[in-house]
Each structure stands twice: as structure tokens, then as C-alpha cells.
Amino acid sequence: MSTPKQMKAKWPDFYPKMKAVCSKCSEKTVYVYLRNTSRLRKLNHETEDIPKSSAWLFEDALFKKYDKLELSQRRLLSLAAVKSLQAYKKTSDKWNKRLAKASEEYDEKRSKRERTPSEKEKWIDKGYDALKKAAKQMKSEIKHDLAAKTKTLKNLWNIQKWVVLVLYSSHALRLDFADVVLSKPTDEKKNFLHKYRRKGWVLTLRDYKTAKFRGEQEIKMSRAASLVLSRFVPLVKALTTHGKLLTSQTGSALNRNGLSKLLTRLTQKLLGKRGFSASLIRVFKATKHRDQIEATKKLQDEMGHSAKQQFEYSRVK
């Protein structure tokens with residue numbers, strides 16, 4: 001994700017307009033709208049620059065090209081079109097109808113819980129458990145990096161490949177690991193990782209996709225992840241100054257886009273399939289625990305509870 005400064009530099013005229021109509025949105029959300037607006041622009045032009053005028057959004061050729069896209073693309077781009085028109089202080093029944101249609105189709109498809117064409121192409125039978133196998137293989141490939149007496153940035157980068165696989169094989173987050181800092185921040189919106197004396201490693205999530213509804217969340221890291229973090233975090237602190245958990249090859253903090261690319265490259269290399277995204281890893285984990293999820297859903301429906309209410313009704317003793 002780009003920073004506000006980077007977004008202002010890339011979209012100097014349009015960023016303030018989008019920010020104005022999305023004043024309560026996080027910077028991540030604003031970036032997603034801007035990025036998808038750029039993609040929509042490129043669909044019918046040889047540029048991703050966003051014009052000062054909204055005329056391009058009403059071009060017949062754009063609608064024709066949009067209508068040929070897959071559902072996943074139509075849903076994201078139609079939402080970007082509607083938000084962009086709001087930024088331009090315009091509206092369009094054509095885009096509103098397309099957004100409504102794409103959203104309805106998406107919800108209907110999600111309710112069937114069928115694999116998407118992309119998921120079918122990348123699917124492996126062992127799914128989530130295959131990540132643990134990939135992590136073990138990665139560890140064997142970086143033995144010399146782990147054994148090096150004097151660690152370098154290159155050693156850190158190679159070790160981090162193993163760490164990323166261990167983390168995702170235990171905790172199927174989105175790309176939030178790229179936003180994690182290694183000290184308790186004064187900024188209450190930042191995610192941080194801390195090793196407590198009794199609780200051990202705990203990840204505190206404050207800034208994530210559903211934070212507005214779920215609030216701050218604490219994740220007790222698994223034993224496997226904790227053992228890896230105890231080896232890895234001291235190296236990060238010794239070899240870098242950016243203060244975050246993950247590092248790029250140049251020594252700066254690894255951003256979400258960099259983490260996404262690293263994940264797909266690693267899984268493609270080690271599992272022999274097209275690379276896995278963080279979202280597919282989440283699908284694999286949910287599928288692994290499908291029986292428990294279905295049982296929980298059935299009980300919620302029977303008792304008329306939300307997941308939170310159901311949890312509160314259950315008793316420890």
C-alpha cells in the first residue's frame with residue numbers, strides 16, 4: 001500500500017477528492033479505491049492516470065469492456081467507479097446498476113461456497129497443511145543462513161522466507177504481517193508484536209480490514225510461530241532500523257505488495273502450483289476446519305445467536 005504522501009504524488013488532483021468523500025475511510029481503503037480507479041481507467045486507455053473530469057467514466061467503450069470482465073473484477077471496478085463519481089460530484093445509474101448486479105452475483109456465488117476458477121487451478125488436496133511442509137523444506141534450504149555466525153541482510157532475507165511460511169501456516173491473516181511493528185506504539189491504530197513474560201508472543205491487531213466492527217484483537221501466537229519469532233526478531237532488530245517485523249531485500253520495511261509477491265513466489269516454488277495469495281491461504285484454512293464451522297453455524301441458527309452471543313452463552317466450567 002502507498003503512503004498518503006505517495007498517493008498525493010501519484011494522484012495529485014484526485015487523491016484530495018477521493019479523501020473528501022471518504023473522510024472516515026482508512027488510508028488502505030482510499031488506496032484500494034484509487035488503485036482500482038486507475039485499473040478501470042487503463043481498461044479503455046493506455047494510461048492509469050486519473051483525469052480531472054469524469055467524462056471518461058461515461059464512455060460506451062468502457063462499459064462494453066467492463067461487461068466482459070470476470071465477476072471478481074466487475075465487483076471491485078464498479079465500486080471504484082461509483083466512489084470515483086462521488087469524488088467528481090457526479091452520479092450514474094449505469095454504474096449504480098452494475099455495482100448492484102455485481103454485488104448480488106457475488107453474494108449468491110459466495111453463498112454456494114464453490115471454488116472459483118482461480119482456486120480450482122491452484123487447489124491442492126492437503127491445502128492448508130501443505131504450508132507446514134513448505135516451511136520445513138524452506139528451513140532445510142536456509143541451513144547455512146541460520147548457522148552463519150555473523151548474519152547479513154542477505155541471511156535475514158533468506159531466513160525471513162522460512163518465517164513467513166511458518167507464520168501463515170499457523171495464522172492465516174490477510175497481508176497484515178507487513179504492517180506489524182516490533183514495539184508497543186504510541187499510535188493506537190498500529191498493529192504490534194510483543195513478547196510478554198507470561199503470555200509469550202502476542203500479536204495485537206488494531207488496523208485491519210474489519211477493525212471497525214471487531215475492534216482490537218489479540219492473537220496468541222502458536223508454539224511453532226513463537227519459536228521462530230524468538231530467533232528471528234532479534235536479527236531484525238540487529239540488522240535493520242525500520243522497526244517492523246518484515247524486511248525487503250534492500251533493508252527497508254517490506255510493504256504489503258512485497259509480502260504478497262514473496263508469498264506467491266515461495267508457494268509456487270515449494271508446492272509446484274501457481275503461487276498462493278493470502279486470501280487463498282485463508283480459504284485453505286477455513287476449508288480444513290469446515291466441519292467445525294458448519295457445526296457452529298448450525299448451532300447459531302438453532303439458538304438464534306450471533307457468534308459473539310454464542311461464545312458468551314458457553315461455559316468454561
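This report describes a helix, a strand residue and a disulfide in a predicted model.

## Basis of the model

Local features require pLDDT of at least 70 and side-chain atom pairs count only at pLDDT 80 or more, whereas totals for chains, interfaces and linings use all residues. Residues are numbered from 1 along each chain as its sequence is written, and side-chain values use heavy atoms, leaving out hydrogens and water.

## Helix α8

Helices (H or I, at least four residues) and strands (E, at least two) are DSSP runs, numbered from the N terminus. Helix α8 covers residues 129-141, which is 13 residues. From its first C-alpha to its last it reaches 19 Å, close to the 18 Å expected at 1.5 Å a residue; the expected span is 1.5 Å times one less than the number of residues.

Buried means under 20% relative accessible area, exposed over 50%, and partly exposed in between (1.4 Å probe, protein chains only). The buried residues of α8 are A130, L131, A134, A135 and M138. They lie on the same side of α8 because they cover an arc of only 145° around the axis, taken from the directions from the helix axis to the C-beta atoms. On the other side of α8, K133 and K136 are exposed. The buried residues pack against α10 (153-170), α13 (256-271) and α14 (278-288), where contact means heavy atoms within 4.5 Å.

## Residue T204

T204 belongs to strand β2 (residues 200-205). Its relative accessibility is 0%, so T204 counts as buried.

## The disulfide

The whole structure contains one disulfide, defined as a pair of cysteine sulfur atoms within 2.5 Å. C22 and C25 form this disulfide, with sulfur atoms 1.7 Å apart. The torsion about their S-S bond is about -75°, so the disulfide is left-handed.
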